[in-house]
Amino acid sequence: MAIMSPTSIFFSMIVLMLLSNAITTQAGGSGGGKPKATSLIVEACKNASGETQDPDVTKEFCLSTLQSDKRSAKAKDLPGLVLVSIDILKGRVTDASVKVKKMLQNTKKGTLVMYALSICELQYENVVSTLNICQAMIKDHQGDKGILHSLRLPHCVDIAGDTSNECQTDLEDVPGTEALQTDNERLHILFNLNTALV
């Protein structure tokens with residue numbers, strides 16, 4: 001029978017512990033999956049779905065949206081959760097803006113499509129700037145009770161949503177923009193969710 005040296009035993013134990021930890025992490029679902037819906041997330045989504053007239057803003061839609069960003073599970077209060085939600089929205093607006101820029105590169109100058117896309121490009125930039133202001137309002141007053149309403153944050157998010165809606169209006173009846181119109185419809189639902197959360 002071979003006797004192992006203390007160093008070999010030590011390294012074997014480290015490898016075994018690392019392997020065991022990796023298997024546990026993977027089995028626990030924390031390796032890249034959705035974060036768990038905390039009681040804060042569940043309560044916020046329940047309230048948000050009851051606050052809006054938009055039938056697409058359901059509790060399930062809210063949960064799915066917030067769980068798409070792991071930071072939502074770490075939010076300690078509603079303002080923290082709203083910061084994450086606005087970040088998700090800004091990411092989606094930025095994605096739509098990138099799509100518009102690519103479409104503009106392939107669009108003939110002086111056409112109705114070019115003008116509509118140019119207006120959308122500008123409006124998306126304005127939306128992101130406005131959402132940055134909304135987030136600054138929250139960050140500057142984090143911890144203050146009732147601050148979301150008193151800072152007129154719902155109005156701030158509404159302004160950003162109205163600006164985004166103008167793009168949708170400009171794209172109506174413009175051939176070749178159907179995919180972007182679908183993106184805008186999804187953005188509209190996300191804006192409604194954010195308004196309901198604040």
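Predicted model: local features only at pLDDT ≥ 70, side-chain atom pairs only at ≥ 80, totals over all residues.
Trainee: What share of the residues in the protein is buried?
Mentor: Buried here means under 20% relative accessible area. Of the 198 residues in the protein, the buried share is 39%.

Trainee: And what share of contacts joins residues at least 24 apart?
Mentor: Take the contacts between residues at least 6 apart in sequence. Among these, the share joining residues at least 24 apart is 69%.

Trainee: Which classes of residue make up the contact of α4 with α8?
Mentor: On the α4 side, the residues include I86, L89, R92, V93 and K99. They meet α8 residues, among them D183, L187, L190 and F191. By class, the residues of this contact are 15 nonpolar, two polar and three charged.

Trainee: How about α5: is this helix roughly parallel or roughly antiparallel to α8?
Mentor: Helix α5 (residues 112-140) packs against α8 at an angle of about 20 degrees, with the axes 14 Å apart. Angles under 35 degrees set the class, so α5 is, relative to α8, roughly parallel.

Trainee: In which hand does α5 pass α8?
Mentor: In α5, L117, Y124, V127 and L131 meet L180, N184, L187 and F191 of α8. That contact has seven nonpolar, one polar and no charged residues. As for the hand of the crossing, α5 passes α8 left-handed.

Trainee: What covers the buried residues of α3?
Mentor: The buried residues in α3 are C62, L63, T65, L66 and Q67. Their cover includes α2 (39-51), α4 and α8.

Trainee: Let's look at the loops. Is S72 buried or exposed?
Mentor: S72 is in the loop between α3 (59-67) and α4. Beyond its neighbours within four places in sequence, S72 is in contact with P35, I41, L66, Q67, L81 and V84. Because its relative accessibility is 0%, S72 counts as buried.

Trainee: At what distance does the side chain of S72 reach the backbone oxygen of L66?
Mentor: The side chain of S72 also reaches the backbone oxygen of D69, at 2.8 Å. For the backbone oxygen of L66, the distance is 2.6 Å.

Trainee: Is D173 buried or exposed?
Mentor: D173 is in the loop between α7 (153-171) and α8. Its phi is near 65 degrees, a positive value in a residue other than glycine. With 75% relative accessibility, D173 counts as exposed.

Trainee: Finally, by what distance are the C-alpha atoms of Q53 and N192 separated?
Mentor: Q53 is in the loop between α2 and α3, and at 78% relative accessibility Q53 counts as exposed. Q53 and N192 are 139 residues apart along the chain, and their C-alpha atoms are separated by 8.8 Å.

Terms used: Residues numbered from 1 in each chain as written. Heavy atoms only, no water. Contact = heavy atoms within 4.5 Å. Helix = DSSP H or I, 4+ residues; strand = E, 2+ residues; numbered from the N terminus. Nonpolar A, V, L, I, M, F, W, Y, C, P; charged D, E, K, R; others polar. Buried < 20%, exposed > 50% of the residue type's maximum accessible area, 1.4 Å probe, protein only. Polar contact = N/O pair within 3.5 Å; in protein donor to acceptor, adjacent residues only side chain to side chain. Axes fitted to C-alpha atoms, helices over the stretch in contact; angles between N-to-C directions. Parallel < 35°, antiparallel > 145°, perpendicular 65-115°, else oblique. Left-handed = near helix turned anticlockwise from the far one by under 90°.
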